[in-house]
Amino acid sequence: MAITIEKTFEVEQPPEEVWAFLTDPERVVECLPGAKLVEEVDERTYRGEMGMKLGPIGVTFGGTIRFDRLDEKAREVEMSGEGKDEKGSGSVKMHMRSRLEPMDGGGTRVHVEQSINLAGRLATFGRGGIVQNVADFMFGRFTSCVTKKLAEG
Amino acid sequence: MATTTVPKQIGARVRRKEDPRLITGASTYTDDLKLPGMAYCTVLRSPHAHARIASIDTSGAEATKGVLRVVTGRDVQEAIGGLPVAHKIEGLLEPPHRVLAIDEVRYVGDGVAAVVAEDPSTARDALERIEVEYEELEAVVDVEKAAAGGPFVHEELGTNVAFTFPFEAGDVDGAFQDAPVVLRQRIVNQRQIPFAVEPRAVAARFDRGHRKLEIWSSTQIPHLLRTQLSVMLGIPEHSVRVIAPEVGGGFGSKLNVYAEEALVGHLARELGRPVKWTATRTEGFQATIHGRDQLADVEIAASEDGVLHGMRVKLLQDLGAYHQLLTPVIPTLTVLMLPGAYRLRNLQVELKGVFTDKTPTDAYRGAGRPEANFIIERVLDLIADATGIDPIEVRRRNFFPADAFPADTCTGLTYDSGNYQAAVDLLLETVDYDALRREQAQRRERGELMGIGVACYVEICGLGPSAALPAGGWEACTLEVRRTGRVVVKTGVSPHGQGEETTFSQIVADALGVGLNDVEIAHGDTDYVPEGIGTFGSRAQAVGGAALSMALEDVRDKSRKIAGHLLEADPEDVVFDEGKLHIRGAPDRAVGFQDVVTAAYMADDLPEGVEPGLASTRFFEPSNFTFPFGVHLCVVDIDPDTGEPSIRRYVAVDDCGNVINPMIVDGQIHGGVAQAIAQSLYEQAVYDADGQLVTGSLMDYAVPRASYLPSYELRRTTTPTPVNPLGAKGVGEAGTIAGNPCVMNAVVDAVSHLGIRHVDMPATPEKLWRIITERD
Amino acid sequence: MIPAAFDYHAPTSLDEALSLLAAHGDEAKVLAGGQSLIPMMRFRLAEPGVLVDLNHIEGMAGVTEEDGHLWIGALTRHAEVERSDLVRKRYPLLHEAASVIADPIVRNRGTVAGSLVHADPAGDWGAVMLACGAELEVHGPDGQRMVPIDELFVTTFMTSLSPGDIVTGIKLPIAGKRSGGAYEKLERKVGDFATVAVAARLELDDDGVCSAAGIGLTAVGATNLRAQDAEKALIGKKPDEAAIDAASRAAAEAASPTADNRGSVEYKRDMVRVLSARALRRAAAHAGGEG
């Protein structure tokens, strides 16, 4: 089951600052509730865990995340990740492309395209809308967290 | 046959003997079994449609307290042979199908490992402690892409096409040349998921003393299962006993040999403890066969007067990832039955069976015949539409006439008996068709959407002559009259809802003049009933009942001999009459049937050459299939705002030959039509592009409830078959076969004035809403 | 379909239940009717470590009119609402919604409050309570408070309540002299989640002009939604065809459905329009207005 998210959000900080934040896995993880970094495999690849909890439902995925492309000049980042449900009954694959665009007045507009593919237990349920809703919601939380952390410096 | 008694039970609406125990929970299903020392098995299944298994680590599960055994495909590959496919298809590619996958998984639900534990919860918990590393491979999901090339479900085959089955009869090119009406239509029979209220379940015990494996399984075919398990497990057949206890529905989904049946048998033998596995509902959706899934591209040649002259059909059968027992055979039945009730002489079919990374398909109520009938009955409506002739009249013009029987089809079948026009005549007596058409015209004026659908059918039943089936088509029956007068019938047709305990009792009651409750029908235990084929293909009555009739004739003959001796008369002059045997023309000179039974067992005063006892075992081999037929009509209303269809009226005229119990026949039609309505309007197995089954639960797969079904009006004509002594043809699948085109012809008819010629199943509200709004 | 292991508590008082929740925090789930939680546990989508079963606490069920409002106790089953004469006569919206929830078996066990706090956007009660302007009485570690329904839903399966909170009842404004309501639901089959459903409630003044309106939507967003623009399109107007048409279109605009096996985005949105119009027409007829 595949879902996609396309979002744009704006922050007051300049692209350089936003770039530094979004390419630092330690900081990104702070804005993903339930996520933690377990191990740095190499400078672009990390092992980690990602917990998703919504109401009574809880799933924890363990896996790797990787910066596939860091193009500082074009201000584009591509990341991909894959993880396995710790109960062995499913898996998730993610691909995300982010692009930073300077705004008049010094802020940054962040464009994000993300695709998520689920296999196994969660994909067995045809109410794809739920997963989409949850992904949208989590993404919304992520962007507001990023905005806040950037403001804190 | 010298039947002189007046039939009393045959033809009567006798209430089902088996129902009180079934509906009060007093019966035993496989999952109810609790054997001393029983352990519980669960199966770990692939979450991926196609992946290489890089590694499996079972140590966590093995270390779990209460876990007795964990096995992978490699662990059991020596001990358990591959799953069987029974077929007579030339050149069929048969890739290995192991009970647990080795190295590669090929559909979501493919078994990867199994756990046996002291209790079901521990077994379930332990599954989560098996670590499997998968390397995902590209899944083959779309059947047309799969047929056209790679990637391949089974890489080593270098193709996804397991077989091609070309068929040609008559002069097809000639029929199309200069045909005034040439039509093309893609007709899809979407994938269905059979839903039996009782999920699959298997229990096994190995009797070390007798070196005998006992298997309890929710199966339609205990005898065939016994043979196959013997082969798969390398145990002599006489050392395997299969018991089918109560079976809570099958619809073809239990007409199979499943991995768990062999796996549980093996584990019970290896552990020396009884083992049981019961499918979860999720396993019912993912790891029990699916049905239908055919894509047909049809070309039609007809004349302006509505006569069908030729058809070309390109047929793709989605087989799923592996062959199950009859997977490739099902679409060949579609080919055979494409002519339907009509004198089609020129037919060309190119059937391809194609592997995809999905659950295997196999027999589902009707098994290939609903697919065929949906095609031909849509074709007749397309011709009606193109020629402007009423659909009923078009059918009339193409029927085999009543004097054509036995009638040969261009597909090599011989229809045993029939009178199709008579069924239509009865329909038109029941329904004021012209008034319905007038009402439709008036409603259209008001912007309302009403459709009238008619579909005929001929089905191939009473499976069947052994030469035409992959594993025997006969049936066996042992009839034993016990010294108390108790009559025991041991039949090979093990029922799973068909009511054979009642219908067979009715047959015995009439033949021997005993009460229904004096008859006991034994079935579903291969030690107690050593031979049989099973209940499927509407064969229980037509083949199993026929074997019973033969055995009854033996017992009647012997009874007359004994009675004649007791009455000092020629046995030829002795007649059965309501529990008594008397001399023809002299009802006072009589002995009771019980007197005959007692004499047979006392054996001190038997006629010369007559053995003690009163019993017979007979095998019936049918000379042909039987071909029930009929015509159904329904009226569908569509909500013009929401697109919701609803069936206002459903009339069925069926002819299944002689009827033993009209109430049970009615029930079979009700259930069959319900499943057809389900396919027409609600149910569809949906896979996403990655091969995930996204209709994998009852929350997602739309099995309709009773409130969505109309009240059926049932009528019958009776054209007995000459193929068996009962004259009964079978009725288990008729409703399903007639129902799909009947409902869909009505749906299309409701929107035909909007320029619509065909609607794919299921006709969901949204599909119809699009048709309506796009027209607006 | 065997759930993961869990501890089970059956407190007999609200205080006991609250302390159990306080003791177990996030690990604990409240069990009321169990019609959503138990299936999720059987699929192992939910694996709570502790269940606190409220069914042994007395006095938490019942539907009554008191102190100028309608009170629905937290353990009131859907079936009890469905069969209540009071509800049937005076609260047609509640009666209709209760009658089409899932199937009779679910209605016999499932509770109104449990369904609300489960916060499934396909749940029927959320739309109804939004249309009615209900409030939830909540008991938590810091005592009792009222939570307006508009502040309850956060996103799918998430509410603004804390893990230590227990809903004890639902308070609805009492039905006015000229009030009406209706619930329209489109589902693939009985027992399925709604494809789309709409709850409508209208209050008319003596001139037949709409003085209050409530429109709640089911299964067309991350939560049940309230179609406020649609409500505004009615207030101050007579509920005639033109007003109902404008309100229905506004309701369709308010919907943000996602596509699934039950239908596409366009279909669901148009069904919001169709069902809103039907529900409003019937609500207006109930209220004794035109339409």
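**A tour of chains A, B and C**

Select chain C. Three domains divide it: domain 1 covers 7-53, domain 2 covers 63-173, and domain 3 covers 179-287. Keep in mind that this is a predicted model. Colour domain 1 of chain C and domain 3 of chain C. Their centres, taken over C-alpha atoms, are 34 Å apart.

Now select chain A. Look for three helices and seven strands. Trace them from the N terminus, and the order reads β-α-α-β-β-β-β-β-β-α.

Along the principal axes, its C-alpha atoms fill a box of roughly 45 × 35 × 25 Å. The radius of gyration of chain A is 16 Å, which agrees with a compact globule, because 153 residues packed that way would give a value near 15 Å. Look inside next. Of the 153 residues in chain A, 30% are buried. Take the contacts in chain A with a separation of 6 or more: 47% of them join residues 24 or more positions apart.

Show chain A with chain C. Their contact takes 16 residues from chain A and 19 residues from chain C. On the side of chain A that touches chain C, strand S4 (57-71) and helix H3 (128-152) each supply at least two residues. H3(A) gives the largest share, eight residues. By class, this side of chain A has six nonpolar, seven polar and three charged residues.

Last stop: show chain B with chain A. Here 18 residues of chain B are in contact with 15 residues of chain A. Colour the chain B side by class. Seven of its residues are nonpolar, six are polar and five are charged.

Notes:
Residues numbered from 1 in each chain as written. Chains lettered and ligands numbered in written order. Predicted model: local features only at pLDDT ≥ 70, side-chain atom pairs only at ≥ 80, totals over all residues. Domains from an automatic or database assignment. Contact = placed C-beta atoms within 7 Å. Nonpolar A, V, L, I, M, F, W, Y, C, P; charged D, E, K, R; others polar. Helix = DSSP H or I, 4+ residues; strand = E, 2+ residues; numbered from the N terminus. Rg over C-alpha atoms; globule rule 2.2 N^0.38 Å. Buried ≥ 20, exposed ≤ 12 C-beta atoms within 10 Å, placed from the backbone.
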